[in-house]
Amino acid sequence: MKKYLLDLRVKSVDRIHERYVLIKLTDDKPLPEMLPGQFVEIRVDGSPSTFLRRPISINLVDTQANELWLLVAAVGDGTKRLAQLQAGDTLNCLLPLGHGFTMPQKPEERFLLVGGGVGVAPLLYMGAEMRQKGIEPTFLLGARTANDLLMLNEFKKYGRVFVTTEDGSEGEKGFVTNHSLLQKEQFDRIATCGPTPMMKAVARYARQSETECEVSLENLMACGLGACLCCVEKTTEGNLCVCKEGPVFNIRKLLWQV
């Protein structure tokens, strides 16, 4: 896909959690085509300690409102600076980058989207695109506590939502792979994004149940173009740059011990 370097206008910044903000960007022209699972590299201005662009997953593309949504975890100097943006500010963005999730080809495919923490971000766009094709996804979302669950009302617009929390404050207690849904229902495909231990557990379940599964890796990225080699992942095809060849991989290509 063609890549664009755009100065996008900040439409709004909403703090949806003490650590997370939802940034909505727009432009005077229609936004370029973007696919679920792809990401954006953002230049962070006004942060003396932030020299490299920050990779942020595409949370949603609203073509009617001409909006690009980015869910940002404000954990470092760069992302904390992004969380301080205000409506009317400008963000310099390189997009869209990477390869996204494999979308269902048949309406009858049963698709499970599993997310944890800020890893839920790309799954919202995937669910929205699936629903537009007449396919209802099933979301399985995990967090430490009920307070840490992100954007539940948005996910509920597009499909069934099941929840786990480690402390049992909402949904079933435990991790996503402990949810009773996985014992009650069978799925044709799984897509997951979140902490690596969670994704490895989902991959283990997928292999045991002989279910096709894709994971979105969150290796440290700098350039986003496969030039700096800091996001390399060992695969069955050798060392691959996650930013260019991924971030989405079929688990059969990864050398995970699952």
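Me: What relative accessibility does Glu67 have, and does Glu67 count as buried or exposed?

Reply: The general idea is a set of cut-offs on relative accessible area: buried is under 20%, exposed is over 50%, and partly exposed lies in between, using a 1.4 Å probe and protein chains only. Glu67 has a relative accessibility of 8%, so Glu67 counts as buried. Please keep in mind that this is a predicted model, in which local features need pLDDT of at least 70 and side-chain atom pairs count only at pLDDT 80 or more, whereas totals for chains, interfaces and linings use all residues. Residues are numbered from 1 along each chain as its sequence is written, and side-chain values use heavy atoms, with hydrogens and water left out.

Me: With which residue does Glu67 form a salt bridge?

Reply: A salt bridge is read from a side-chain nitrogen of Lys or Arg within 4 Å of a carboxyl oxygen of Asp or Glu. Here the partner of Glu67 is Lys11, and the closest N and O atoms are 2.8 Å apart. This pair links distant parts of the chain, since Glu67 sits in strand β5 and Lys11 in strand β1, 56 residues apart. Strands (E, at least two residues) and helices (H or I, at least four) are DSSP runs, numbered from the N terminus.

Me: How many salt bridges does the structure hold, and which residue does Asp28 pair with?

Reply: The structure holds ten salt bridges. Asp28 pairs with Arg9, the closest N and O atoms being 3.3 Å apart. Because Asp28 lies in the loop between β2 (20–26) and β3 (39–42) while Arg9 lies in strand β1, the pair ties together parts that are 19 residues apart in sequence. Asp28 is exposed at 69% relative accessible area, and Arg9 counts as partly exposed at 35%. Another of these bridges joins Lys157 to Glu154, with the closest N and O atoms 3.1 Å apart; Lys157 is exposed at 52%, whereas Glu154 is buried at 18%. Salt bridges that share partners also join Glu18, Arg19 and Asp148 into one network.

Me: Where is the place of Asp148, and which residues outside its sequence neighbourhood is Asp148 in contact with?

Reply: A contact means heavy atoms within 4.5 Å. Asp148 has its place in the loop between β8 (138–143) and α3 (152–155), and counts as buried at 15% relative accessibility. Leaving aside neighbours within four places in sequence, Asp148 is in contact with His17, Arg19 and Ala143.

Me: In what order do the strands of the closed barrel run?

Reply: Two strands are taken as paired if DSSP finds at least two bridges between them. In this model, six strands form a closed barrel in the order β1-β2-β5-β4-β3-β6, with antiparallel pairing. Neighbouring strands of this sheet are turned by 45° against each other on average, direction ignored. Strands β1 (residues 4–15) and β6 (residues 90–97) run antiparallel and are joined by six bridges, and Arg9 stands opposite Thr90 in β6. Helix α2 packs on the sheet, touching β4 (54–62) and β5 (67–73), and its direction makes about 25° with that of β4.

Me: Which residues have the most contacts inside the largest nonpolar core?

Reply: In soluble globular proteins, nonpolar side chains tend to be buried together. The largest core has 55 residues, and Leu25 and Leu68 have the most contacts inside it. Helix α2 (residues 121–132) gives the most to this core, with seven residues. A second, separate core of 30 residues includes Met198, Cys213, Cys231 and Ile251.

Me: How many disulfides does a search of the whole structure find?

Reply: A disulfide requires a pair of cysteine sulfur atoms within 2.5 Å. The search finds zero disulfides. Cys231 is in none, and the nearest cysteine sulfur, that of Cys243, is 3.7 Å away; Cys231 itself counts as buried at 2% relative accessibility.

Me: Which residues does the cis peptide bond with omega of about -15° join?

Reply: That cis bond joins Leu95 and Pro96, and Pro96 lies in strand β6. The peptide bond from Gly246 to Pro247 is cis as well, with omega near 5°, and Pro247 has its place in the loop between α6 (242–245) and β15 (248–250).

How values were computed. A nonpolar core is a set of buried Ala, Val, Leu, Ile, Met, Phe, Trp, Tyr and Cys residues joined through side-chain atoms within 4.5 Å. Axes are lines fitted to C-alpha atoms, for helices over the stretch in contact, and angles run from 0 to 180 degrees between N-to-C directions.
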